[in-house]
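Hello,

Here is the structure I promised to pass on to you. Have a look at it first, and then read on for what turned up.

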Amino acid sequence: MTGDEITLTIPREQPFHEVAHLVLGGVAARLALTFEILDDLETALEAVLERAAIDGQVTVRLRLEDGAIRAAVGPVTESVRPELELGPGDDVTLRRILDTVVDGYAFDPNGWLELTKRIEQPEDG
């Protein structure tokens, strides 16, 4: 799957989030990812989808690059930026969730949030 990108555009409403999770699960199965990696990715994806644009559609792009899965979700609401900039605390914020389950994230000026999760490639043999 290296170099390939899967793009999924769904209505923003919560029942359609399951479609994104099914696609992510299919990618994880194809890559033989561990359950822990899949669970981390699904937790991060759901947290971001909950903060997707209020109206219209949301797009999820998945790609494998440099030993990591990168998921870009957008557009997300502008309220995501301050939530990511909050210091660590006791509240369950998007920053706290992402700090726990992914290896990196970045909010771009176009309203997209990119998540990075390193994956371990299965050994041959």
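This is a predicted model: local features need pLDDT of at least 70, side-chain atom pairs count only at pLDDT 80 or more; totals for chains, interfaces and linings use all residues.

The partners of His 21 are Glu 42, Leu 45 and Glu 46. His 21 itself belongs to helix H1, which covers residues 17–30. With a relative accessibility of 12%, His 21 is buried, because the cut-off for that label is under 20%.

Now to the sheet. Five strands make up an open sheet with antiparallel pairing, and their order is S1-S2-S3-S5-S4. The edges are taken by strand S1 (5–11) and strand S4 (104–107); each has a single partner strand, so one side of each has no neighbour in the sheet. On average, neighbouring strands are turned by 15° against each other, direction ignored. Within the sheet, strand S2 (residues 57–65) and strand S3 (residues 68–74) are joined by seven bridges in the antiparallel sense, and Arg 63 is placed opposite Arg 70 in S3.

Two helices are worth a look against these strands. H1 packs on the sheet and touches S1, S2 and S3, with its direction at about 165° to that of S1. Helix H4 (residues 94–101) lies across S4 and strand S5 (113–118), and runs at about 25° to S5.

Next, the charged side chains. Searching the whole structure gives nine salt bridges. One of them joins Glu 65 to Arg 63, with the closest N and O atoms 3.2 Å apart. Arg 63 also meets Glu 114 in a salt bridge at 3.4 Å, N to O. This second pair links distant parts of the chain, since Arg 63 is in strand S2 and Glu 114 in strand S5, 51 residues apart. Together with Arg 70, the residues Arg 63, Glu 65 and Glu 114 are linked in a network of salt bridges.

Elsewhere, Glu 78 and Arg 81 form a salt bridge at 2.9 Å, N to O. Here Glu 78 is exposed, at 51% relative accessibility, whereas Arg 81 is partly exposed, at 28%.

Lastly, the rings. Zero aromatic pairs come out of a search of the whole structure. Trp 112 does have a charge over its ring, though: the charged end of Arg 61 sits there, 4.2 Å from the ring centre.

Best wishes

Terms used: Residues are numbered from 1 along each chain as its sequence is written. Side-chain values use heavy atoms; hydrogens and water are left out. Helices (H or I, at least four residues) and strands (E, at least two) are DSSP runs, numbered from the N terminus. Buried means under 20% relative accessible area, exposed over 50%, partly exposed in between (1.4 Å probe, protein chains only). Contact means heavy atoms within 4.5 Å. Rings of Phe, Tyr and Trp (its six-membered ring) pair if their centres lie within 6.5 Å; planes under 30 degrees apart count as stacked, over 60 as edge-to-face and the rest as tilted. A charge sits over a ring if NZ of Lys or CZ of Arg is within 6 Å of the ring centre and within 35 degrees of the ring normal. Two strands pair if DSSP finds at least two bridges between them. Axes are lines fitted to C-alpha atoms, for helices over the stretch in contact, and angles run from 0 to 180 degrees between N-to-C directions. A salt bridge is a side-chain nitrogen of Lys or Arg within 4 Å of a carboxyl oxygen of Asp or Glu. Lists of a residue's contacts leave out its neighbours within four places in sequence.
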